[in-house]
Amino acid sequence: MFFIFGFGKQTVKELGTSEKIRCQNCGNVRPWEYKKIRSWFSLFFIPVIPYKTVYIKSCPVCKTGLKVDKEEAVNHMQGPDIHDGLTDVQRNYREQMDTYNRKD
Ligand SMILES: [Zn+2]
């Protein structure tokens, strides 16, 4: 029995766009794109565990990217992925835990 595993597979998720920003690199004034980039630990070529997550905003013209805080990126999330891909069960669990923790 042996395992095939690896690091380094990356997935990119679009999180929406910012207000217009003047790019210092190309000078264009455009809404920048927020993205979440995850690096995955994979087993048998299937990504199983994200071991690193970075949030960036990038210029749509020249693709210059800047690292941003998660909070900033999440504020621009749009659509059904806003809960980070959690299932309803996971979301309910998390909400219940939040309620529970608040009672202390
Ligand atoms: Zn640019």
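Which residue in β2 does Q10 stand opposite? The structure examined here is a predicted model, in which local features need pLDDT of at least 70, side-chain atom pairs count only at pLDDT 80 or more, and totals for chains, interfaces and linings use all residues. Residues are numbered from 1 along each chain as its sequence is written.

Q10 stands opposite S39 in β2. Strands are DSSP runs (E, at least two residues), numbered from the N terminus. Two strands pair if DSSP finds at least two bridges between them. Strand β2 spans residues 29–43 and runs antiparallel to β1, to which 14 bridges join it.

Four strands form an open sheet in the order β1-β2-β3-β4, with antiparallel pairing. The edges are held by β1 (5–22) and β4; each has a single partner strand, so one side of each lacks a neighbour in the sheet. Neighbouring strands are turned by 35° against each other on average, direction ignored (axes are lines fitted to C-alpha atoms).

Strand β3 (residues 46–58) pairs with β4 (residues 65–68) in the antiparallel sense over four bridges. I56 stands opposite K67 in β4. The two strands form a hairpin with six residues between them. In the turn, K63 has a positive phi of about 70°.

K57 lies in β3. K57 is buried (20 or more other C-beta atoms within 10 Å, with C-beta atoms placed from the backbone); its count is 22. Leaving aside neighbours within four places in sequence, K57 is in contact with S18, W32, E33, Y34, L66 and V68 (contact: C-beta atoms, placed from the backbone, within 7 Å). The C-alpha atoms of K57 and K67 are separated by 6.5 Å, the two residues being ten apart along the chain.

Methods
A residue is buried if 20 or more other C-beta atoms lie within 10 Å of its own, exposed if 12 or fewer, and partly exposed in between; C-beta atoms are placed from the backbone. Two residues are in contact if their C-beta atoms, placed from the backbone, lie within 7 Å. Axes are lines fitted to C-alpha atoms, for helices over the stretch in contact, and angles run from 0 to 180 degrees between N-to-C directions.
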